[in-house]
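Let's take a friendly walk through this model, one stop at a time. Have the sequence and the coordinates open as you read.

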Amino acid sequence: MRMDQPEFHLLSNGKLELTEFARMASLVKRYVSAIHLREKGRYANEITEGIQHLLTSGVPHHQIYINDRLDVAWALKVKGGHLAYHSLEPSLAKQTFPDLRIGRSVHSLEEALVMEAQGVDYLFFGHIFSTTCKPGKEPQGLMKLEEVTRSVKIPVIAIGGIKPENVESVMNAGASGIAVLSSIVEAIDPLQVVKNYAKALYGED
């Protein structure tokens, strides 16, 4: 992947065994820019083991992001950490872990502006389309995505219900990339699915 290509984030789902996720990540690493361990129910030592599995499988440090546990991300010298609403305040996180690329999930323009002011490096915004991961919750839609992308200067990564067939519309709304979870992690053939996304995102087979 070239540095000027759109971002493509792959997230774990908190259900798959971390050895299996690492195996999957090793197959698709050339097509994605970031691989997140999003493991809300695991302890720090388990996440540490997960990172080691990724590294052993050939995933480089600069592709690995840890959700919430910035202490683990910093200790293992991976690329980044991703914050949720219950995580450290971004300004404190940036001050404490200056070497990490730090992102934050947001769900409104107001929240996006606040997080940008606090110094985060990128945003996840969603969910954009209806998704089984967010049952009963109204999607944000492309108009709100475009409103956010026009209002902040940092990269905005679209998440939630992103499929290969709607990648173009997401990018046309100003997104800097996409983040995908279940469509890949739960697929029978994750590599082929990732290739489909990659072709839609930056024309790579």
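Begin in helix α6 (residues 141-151), where R150 and E146 sit four residues apart, about one turn of the helix; helices here are DSSP runs of H or I with at least four residues, strands are E runs of at least two, and both are numbered from the N terminus. This is a predicted model, in which local features need pLDDT of at least 70 and side-chain atom pairs count only at pLDDT 80 or more, while totals for chains, interfaces and linings use all residues. Residues are numbered from 1 along each chain as its sequence is written, and side-chain values use heavy atoms, leaving out hydrogens and water.

The side chains of R150 and E146 form a salt bridge, 2.7 Å from N to O; the term asks for a side-chain nitrogen of Lys or Arg within 4 Å of a carboxyl oxygen of Asp or Glu. R150 is exposed at 68% relative accessibility, while E146 is partly exposed at 26% (buried is under 20% relative accessible area, exposed over 50%, partly exposed in between, with a 1.4 Å probe and protein chains only).

The whole structure holds seven salt bridges. Another links E39 to R42, again with 2.7 Å between the closest N and O atoms, and here E39 is buried, at 6% relative accessibility.

Now turn to strand β1 (residues 7-11): five of its five residues are buried, so the strand is largely enclosed by the rest of the structure. E7, H9 and L11 point one way, F8 and L10 the other. β1 pairs in parallel with β8 (residues 177-180) over four bridges, pairing being at least two DSSP bridges between strands. In that pair, H9 stands opposite A179.
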